[in-house]
Amino acid sequence: MISDQITKVARETGSLHDTSFFTLTFTDDSTVTEKDVNWSDVSEELDVDMGGVRKTVYVCKFPVKHIRIDHADLVAEVDVPDGCQVYQAFRSRTTLSSDGQSADTIVGRAVGIVENGVVTEERYIDVLGAQVLGFKK
């Protein structure tokens, strides 16, 4: 099973992973979730084209057939076509205070499909707008 090849990690309860996490279903129907796997353990860096703009994403290095992202009360799901790769990422906002301090806040998550170096689909969970947005070529 593909899921058996991946290092598992222990998460403390009450962490972000209780309310915001990915679930991967591999082509052999085994699964892993962010509750027990770091994305960095299953991904590799890839430069892609997204609407004519170069972007760096971290694609899963294992064959995935489905990904689900839960964040707050919102869900984004994508079926991954054969021969394509999938990425996911947090979206954050940095707030600067008058005393020069900064604070990062997670405002959403994205999941996307890459085919031959081009992003062909992306779903974005927008927490501020309480909606799931996206595009598909």
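## Starting with Asp28

Does Asp28 count as buried, partly exposed or exposed, and what is its relative accessibility? In this predicted model, Asp28 has 28% relative accessibility, so it counts as partly exposed. You'll find Asp28 in the loop between β1 and β2.

Who does Asp28 touch? Setting aside neighbours within four places in sequence, Asp28 is in contact with Met1 and Ile2. A polar atom of the Asp28 side chain lies 2.7 Å from the backbone nitrogen of Ile2. The Asp28 side chain also makes a polar contact, at 2.6 Å, with the side chain of Ser30.

## Two aromatic pairs

How many aromatic pairs does a search of the whole structure find? The search turns up two. Take Phe22 and Trp39: their ring centres are 5.0 Å apart and their planes meet at 80°, so this pair is edge-to-face. Phe22 belongs to strand β1 (residues 20-26), while Trp39 is in the loop between β2 (31-33) and β3 (43-50), so the pair ties together parts that are 17 residues apart in sequence. Both Phe22 and Trp39 are buried.

Now look at Phe26 and Phe62. With ring centres 6.0 Å apart and planes at 75°, this pair is edge-to-face. Phe26 sits in strand β1 and Phe62 in the loop between β4 (53-60) and β5 (64-71), so here the linked parts are 36 residues apart in sequence. Phe26 and Phe62 are both buried.

## Charges over rings

Lys35 lies over the face of Phe21, 4.2 Å from the ring centre. Over at Phe90, the charged end of Arg109 sits over the ring, 4.1 Å from its centre.

Conventions. Residues are numbered from 1 along each chain as its sequence is written. This is a predicted model: local features need pLDDT of at least 70, side-chain atom pairs count only at pLDDT 80 or more; totals for chains, interfaces and linings use all residues. Side-chain values use heavy atoms; hydrogens and water are left out. Rings of Phe, Tyr and Trp (its six-membered ring) pair if their centres lie within 6.5 Å; planes under 30 degrees apart count as stacked, over 60 as edge-to-face and the rest as tilted. Helices (H or I, at least four residues) and strands (E, at least two) are DSSP runs, numbered from the N terminus. Buried means under 20% relative accessible area, exposed over 50%, partly exposed in between (1.4 Å probe, protein chains only). A charge sits over a ring if NZ of Lys or CZ of Arg is within 6 Å of the ring centre and within 35 degrees of the ring normal. Contact means heavy atoms within 4.5 Å. A polar contact is a pair of N or O atoms within 3.5 Å; within protein, one must be able to donate a hydrogen and the other to accept it, and residues adjacent in sequence count only if both atoms are side-chain atoms.
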